[in-house]
Amino acid sequence: MSGKIEYISGPVIKAELPGATLYELVFVGELKLFGEVVRIQGDKAFIQVYEDTTGLKPGETVVRSGEPLSAWLGPSIMGKIYDGVQRPLKYIEETSKTPFVARGVGYEQAPPLDLEAKFDFQPAVKVGEEVQPGDVLGSVRETELITHYILYPPLPQNAPGVVEWVAEGKYKVDDVIARVKTKRGVVEVKMWHKWPVRKPRPIREKLPPAEPLITGVRAIDVMFPIAKGGTAAVPGPFGTGKTVLIRTLFLYAQSRIIIPVLCGERGNEAADALHGLLKLKDPTTGRSLLERTTIIVNTSNMPVAAREASVYMGVTIGEYFRDQGYDVLVSADSTSRWAEAMREVALRIGEMPSEEGFPAYLPTRLAEFYERGSRSVLLGSKERVGSLTIAASVSPPGGDFTEPVTSNTLRFIGTFWPLAARLAYSRHYPAIDWLIAFSRYVDTVESWWSKEVGSDWKYLRGVFQSILVKEAELQEIVRILGTEALSEEEKHILNVAFMIREGFLKQDSYNDVDTPSSPLKQYLLMKAIYTYYEEGLKAIHSGTPAMVLRELESAKRLSRLRMEIRNDVAKEEFAKFIENMVAEIRGVQKR
Ligand code: ADP
Ligand code: MG
């Protein structure tokens, strides 16, 4: 089960390691650094090492673990901050700016779960009851915000069976809490189990992405919606707001469980993002958001290869909570750093480079990652549904969206929220470029909006979109020929487009009247702008100049309304506003 290092090349080593299997977890050198077998050639294994290889020498020992890199899944996972191989970070904000684990610290010294803590286990099944893999056997109250459901784990060796005994009361994570009698013998179920991070957890059936994941951000929910179990990518140049947008999702998206994977870019970026996350409060209860969050962060002492482990660790933990019936949000910020790690490792193990030096398997890896997002009917004997939504950032060098990571990502995602530098510079946040953004979920989430909020939701957003497209055309004409070349109707369209941008798409993440915006407020704000457009058109057709419409009191107020009307009074306030506005427009029309 062990071998010797032959050579070392940055984060990659080659070792004589007979019998090793692909993606097996190994421990490298005297320090026992975490590594994963990524290529096998006869008796030789190429290993990507998840810790700094400085000082490692040829001839040192490599020990096989006999199993793939796996996540430890069970109570005490919530609120933890892990590195890519799930070692908990002793995070001391006062004394250290960067999260850190000493090299070679193993699971014996730093177990991913608190093995000593006791949890109050409440059974959900009775003796004699039949259970299948995936069924809930019981639960523990993990934090004030989260009940942790203990499953009959969907492990290959767990056959359906009958509950022979089930616990009730205080137990440790590693204690047996149930015995299930199966055809193949009695299974002793503990509160935790391991799952290989590269292997998607099984589900019974994927469901269509029909329910929107409401985020409270209008540019998303109305214009480019994401569905529960959907996937989204946020590409953008440095400083355009990728991290802030993802943070806004953590706070306000209707996901019960949040799993941020931080793959930092420059210097302290991951550490800074971590500091930001730790301060967040759950908006409905005011408690720490950490009570329903598990963070994976690439520590500054981990080399690039660890980013790969982090990404897989994050989605695996996400799937585990999905399997408990939760709506989960997994984010990776940024997937470009992961792809760069893939490139570096591929070159060192002698893979043929493809586009811009990335390995030919880059598209496959991205596809497999996004594939793990879904809304599904879960395993087990009861009809239960859970979802895992993925929102990831991409940082294309120079903001070039045609580069391989962005262009390949585009093929596999449902929603595209590209951020534009020109918008960010003019402080239009979120800087989503409405001319190139898209969502494949508009048709599937429409019935939810029609039923819950307003039947013309899709029609109105279509009008908004065409006005914005028209604006871009008209601006081109104005640039060449000047405003005089426009008809009054076209001038009106430019006014309305301005209102859509200023009064609707712009949204300050830090303003608590503006963010989050409830679905009803989003819809009514859209309706108000639409009514201005429609009534304005009628006025124009009866000879009122566009300028007059632009100078109306209600027109000026309309672009500020998002910061004036609170969610809880939206219904009455918007009704009043729209009534007054229509009266004002008709007033000028008579003259
Ligand atoms: P990126 O991750 O793309 O490099 P950041 O998310 O760190 O960029 O954003 C850079 C800065 O832009 C933030 O510190 C903030 O000042 C501003 N910003 C970005 N998005 C918003 C937003 N939605 N609301 C208000 N300010 C924002
Ligand atoms: Mg960032």
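**A tryptophan and its surroundings**

W192 is placed in the loop between β16 (185-190) and β17 (193-196). The model is a predicted one. Is W192 buried or exposed? Its relative accessible area is 17%; buried means under 20%, and W192 is therefore buried.

Beyond its neighbours within four places in sequence, W192 is in contact with W72, L73, G74, L113, V173 and D174. With D174 there is also a polar contact, which joins the side chains of W192 and D174 at 2.8 Å. A further relation can be stated for L115: W192 and L115 are 77 residues apart in sequence, and their C-alpha atoms are 10.0 Å apart in space.

W192 also belongs to a cluster of aromatic residues, in which ring pairs link it with F27, F34, W72 and Y107. In total, the structure holds 17 aromatic pairs. A pair of aromatic rings is described by the distance of the centres and the angle of the planes. For Y530 and Y533 the centres are 6.3 Å apart and the planes stand at 55 degrees, so this pair is tilted. Y530 and Y533 are three residues apart in helix α12 (residues 519-541), and are therefore separated by about one helical turn. Both Y530 and Y533 are buried.

The charged end of R201 sits over the ring of W195, at 5.0 Å from the ring centre. R218, in turn, lies over the face of F504, and here the distance to the ring centre is 5.7 Å.

Attention may now pass to the strands. Strands of a sheet pair through backbone hydrogen bonds, either parallel or antiparallel. In which order do six strands close into a barrel? The order is β1-β2-β5-β4-β3-β6, with antiparallel pairing. Within this sheet, neighbouring strands are turned against each other by 45 degrees on average, direction ignored. One of the pairings joins strand β4 (residues 33-41) to strand β5 (residues 44-49), in the antiparallel sense and over six bridges. V37 has I47 in β5 as its bridge partner.

Leaving aside neighbours within four places in sequence, the residues in contact with S331 are I246, F250, I259, P260, V261 and A391.

Conventions
Residues numbered from 1 in each chain as written. Chains lettered and ligands numbered in written order. Predicted model: local features only at pLDDT ≥ 70, side-chain atom pairs only at ≥ 80, totals over all residues. Heavy atoms only, no water. Contact = heavy atoms within 4.5 Å. Pairing = 2+ DSSP bridges. Helix = DSSP H or I, 4+ residues; strand = E, 2+ residues; numbered from the N terminus. Axes fitted to C-alpha atoms, helices over the stretch in contact; angles between N-to-C directions. Phe/Tyr/Trp six-rings, centres within 6.5 Å; stacked < 30°, edge-to-face > 60°. Buried < 20%, exposed > 50% of the residue type's maximum accessible area, 1.4 Å probe, protein only. Lys NZ or Arg CZ within 6 Å of the ring centre and 35° of its normal. Polar contact = N/O pair within 3.5 Å; in protein donor to acceptor, adjacent residues only side chain to side chain.
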